[in-house]
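Please work through the following exercises with the sequence and the coordinates at hand. Each task is followed by a solution in steps.

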Amino acid sequence: MIQVCLTLTLALSQTPPVVTDATAVPNASAVPAAPEVADVSAGTAAPAATAVPAATAATTTPAERRNTASLTAAIDSLRARCPANMVASSIGNSAGRRAIPLLTLSADPSTAGDRPAILMLAGMDGPRWSGTEAALIAAEAIARDHADMLRAVTVYVIPRGNPDAAEGFSTDPRRDYSGDGIVHDNDRDGTREEDRPRDLNGDGLITQIRASANSTPWTAPTLIADAAELRLLRAPDAKLGEVPVYAVWTEGIDTDGDGRIAEDWLGGIDPERNFPHRWPEFEDEAGSYPLIAPESKAIADFVMSHPTLFAAFVLGRHDTVINVPDGKARTAGGVPVMLDEADVATFAELAKSWRELSGQKRADARDSGGSFVAWMNAQRGVPTFASTLWGRPDAPAPEAPKPADAPNVDKAADKKADKKDAPKPADAEAAAWLEYSDRVCNGAGFVPWTRIDHPQLRNVEVGGWVPGFRENPPIAQVPALGDACAKFIAAIADARPKITIAEPTVLAVGPSLWRIETRLTNTGRLPSVMRGGRADLVTPAHVIRLSAPMDRIQAGNRNDVIRGIDAGSARVYSWLVNVPPGEEVAVELLYNGKSAQRWAFRDGEKITAEGSK
Ligand SMILES: [Ca+2]
Ligand SMILES: [Ca+2]
Ligand SMILES: [Ca+2]
């Protein structure tokens, strides 16, 4: 069904039909040469195509259903094409004992850990296959097109942070689920995985069932069909005398006789709800404590053991780049929910560059409680951008009736009457997705409600959203979006904090008494640590230190620990110190306990300048 959507999208957008078969997406050599940034909507009759820049020569062929073996093969082949500046390894294993792959991109991989670094994370969600594909394509584009950047900045790519969920999505039946391989008692009844969803209509998908006319022990009905869009369900309005008709469940049967259907799924904890910040304790699949999921733990360990990370980019179910947080929301404990107001401006500037590079206009994002992006921003203070990669495109405008067909009546009055009479769907966004599915994708996004025989319930229909339909762009757009990710990483690298101390001035003010002064500046466009990380005192800090022993320092601090340095900030440091003739005195800038810069003097003369250009 997705193939139909793909072919149709291409036809409507009048893009050269380079892809006619999703099983044989051509590689770079078959793609006609395209300008680096092409406005595909220009001169196009149908506005169905989003303004996605054309891809440069990506050679990873995107796949919708890539199992672990196929991902390993894709990484092997990717690495073979970029032997000089890409290394593949793993950060640990998933609950289902699958390796969580890591790509390290650096001009010199053996010293990659010494340079400031960006982390790109994807594949945390079962149905969002496109994030992993875009991450692989981005990794290749960075290795190929950004060799200069890789001399200054290391890029780490974790293309699939939740391998068990992705493996689940790559086999039938497909479902909207992001649990890992931990055997887990979803409904806390003491039995595990006792009632899994079932594909009752044999379409290879787990969607929903809705049923009317059932009485206890089954859940009472709560919904009615929306008169404005009969496929959608909504709560009845008692003021209009409406009464509920349908009860809805995940597609399945009650195998354990507890009156609930498909309540305990195969697969366990959702790593994207298992990070410590705003961890949703009482949500199923959030885990019994933060970082219990081995995937979240491995990713958190990676972050903690790589203090050189100055930014991160996540492709998944969360969004901070289309709807940039305003920084006003705080937790009950006073910590930012996502960002602090003081950090929003620098963050928003980069978010804007993502919108320009990707053409993304909408994001269908979920709550960020327990997510990687929230933990990174609010607790680690590492600027972390989250994108859903794409959003709902505009469906083409309906064809206007030809003048000859339109009867010559009072059109204004007619329109007014139409507007007044036409009921509006309660969920306008869902209705717009249906319109896109119907008119652009030949209905590929939604399984029409269809009557089936159910062994336990009466009046049952199967139907609902196709898992992954709203979460992923048409496959033909993935190479261009992967390329946009690479450019976005380069934009983040360009904005990195650049923290230095200027060459100190050393003035003799008395016998063996010196006044030493320097200036600390951040000439980058990102802070070294955002407010959230400063509050916790857990993130690595910069330290300015004078080498002389305490008792020789007449004025000034020997050590100054700086938790975060804003972009554009400058601070003057000044010491009055006794240094006997012939002895060395040094001013040093340290980061995370390691020397970043060191200026040494003897008798007022500079003798070394380490770490300074
Ligand atoms: Ca159970
Ligand atoms: Ca089904
Ligand atoms: Ca059950």
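The exercises below concern a predicted model and proceed from the whole chain to single residues.

**Exercise 1. The chain as a whole**

Task: State how many helices and strands the chain has, and what share of its residues is buried.

Solution. 
Step 1. The secondary structure amounts to 12 helices and 22 strands.
Step 2. Of the 613 residues in the chain, 44% are buried.
Step 3. Among contacts between residues at least 6 apart in sequence, 72% join residues at least 24 apart.

**Exercise 2. The nonpolar cores**

Task: Identify the residues of the largest nonpolar core that touch the most other members, and the element that gives the most to this core.

Solution. 
Step 1. The largest nonpolar core has 77 residues, and those touching the most other members are Ile118, Met120, Ala138, Ala139 and Ile489.
Step 2. The element that gives the most to this core is H11, with 11 residues.
Step 3. Another core, of 23 residues, lies apart from the largest one; its members include Ile261, Cys441, Val462 and Trp465.
Step 4. Neighbours within four places in sequence left aside, Met120 contacts Ala135, Ala138, Val155, Val157, Phe313 and Ile489.

**Exercise 3. Two partners of H11**

Task: Describe how H11 packs against H3 and against H7, and classify each arrangement by its angle.

Solution. 
Step 1. The axes of H3 (residues 129–145) and H11 are 7 Å apart, and the two helices pack at an angle of about 55°.
Step 2. H3 and H11 are therefore oblique to each other, and their crossing is right-handed.
Step 3. On the H3 side the contact is made by Ser130, Glu133, Ala134, Ala135, Ile137, Ala138, Ala141, Ile142 and Asp145, and on the H11 side by Val478, Pro479, Leu481, Gly482, Asp483, Cys485, Ala486 and Ile489.
Step 4. The contact of H3 with H11 comprises 12 nonpolar, two polar and three charged residues.
Step 5. Leu350, Ser353, Trp354, Leu357 and Ser358 of H7 meet Leu481, Ala484, Lys487, Phe488, Ala491 and Ile492 of H11. By class, these are eight nonpolar, two polar and one charged residues.

**Exercise 4. H2 against H3**

Task: Determine which residues join H2 to H3 and how the two helices are oriented.

Solution. 
Step 1. H2 (residues 68–81) and H3 pack at an angle of about 10°, and their axes are 10 Å apart.
Step 2. H2 and H3 are therefore roughly parallel to each other.
Step 3. Ala74, Leu78 and Arg81 of H2 meet Leu136, Ala139 and Glu140 of H3. Four of the contact residues are nonpolar, none is polar and two are charged.

**Exercise 5. The surroundings of H6**

Task: List the buried residues of H6 and the elements against which they pack.

Solution. 
Step 1. Pro294, Glu295, Ser296, Ala298, Ile299 and Ala300 are buried in H6.
Step 2. The buried residues of H6 pack against strands E1 (86–93), E2 (99–105), E3 (117–121) and E4 (154–158), and against helix H8 (372–380).

**Exercise 6. Backbone features in loops**

Task: Locate Ala262, Ser512 and Pro173, and describe the backbone at each.

Solution. 
Step 1. Most residues other than glycine have a negative phi, and most peptide bonds are trans.
Step 2. Ala262, in the loop between E8 (247–250) and H6 (294–304), has a positive phi of about 55°. Ala262 is buried, with 21 other C-beta atoms within 10 Å.
Step 3. Ser512, in the loop between E14 (505–510) and E15 (513–522), has a positive phi near 60°. Ser512 is partly exposed, with 13 other C-beta atoms within 10 Å.
Step 4. Pro173 lies in the loop between H5 (163–170) and E5 (208–211). The peptide bond from Asp172 to Pro173 is cis, with omega near -10°.

**Exercise 7. Asp270**

Task: Decide whether Asp270 is buried or exposed, and name its contacts.

Solution. 
Step 1. Asp270 lies in the loop between E8 and H6.
Step 2. A residue counts as buried if 20 or more other C-beta atoms lie within 10 Å; Asp270 has 29 and is therefore buried.
Step 3. Neighbours within four places in sequence left aside, Asp270 contacts Ser178, Gly179, Glu285 and Ala286.
Step 4. Asp270 and Gly179 are 91 residues apart in sequence, and their C-alpha atoms are 4.3 Å apart in space.

Notes
Residues numbered from 1 in each chain as written. Chains lettered and ligands numbered in written order. Predicted model: local features only at pLDDT ≥ 70, side-chain atom pairs only at ≥ 80, totals over all residues. Axes fitted to C-alpha atoms, helices over the stretch in contact; angles between N-to-C directions. Helix = DSSP H or I, 4+ residues; strand = E, 2+ residues; numbered from the N terminus. Parallel < 35°, antiparallel > 145°, perpendicular 65-115°, else oblique. Contact = placed C-beta atoms within 7 Å. Nonpolar A, V, L, I, M, F, W, Y, C, P; charged D, E, K, R; others polar. Left-handed = near helix turned anticlockwise from the far one by under 90°. Buried ≥ 20, exposed ≤ 12 C-beta atoms within 10 Å, placed from the backbone. Core = buried A, V, L, I, M, F, W, Y, C linked by C-beta atoms within 7 Å.
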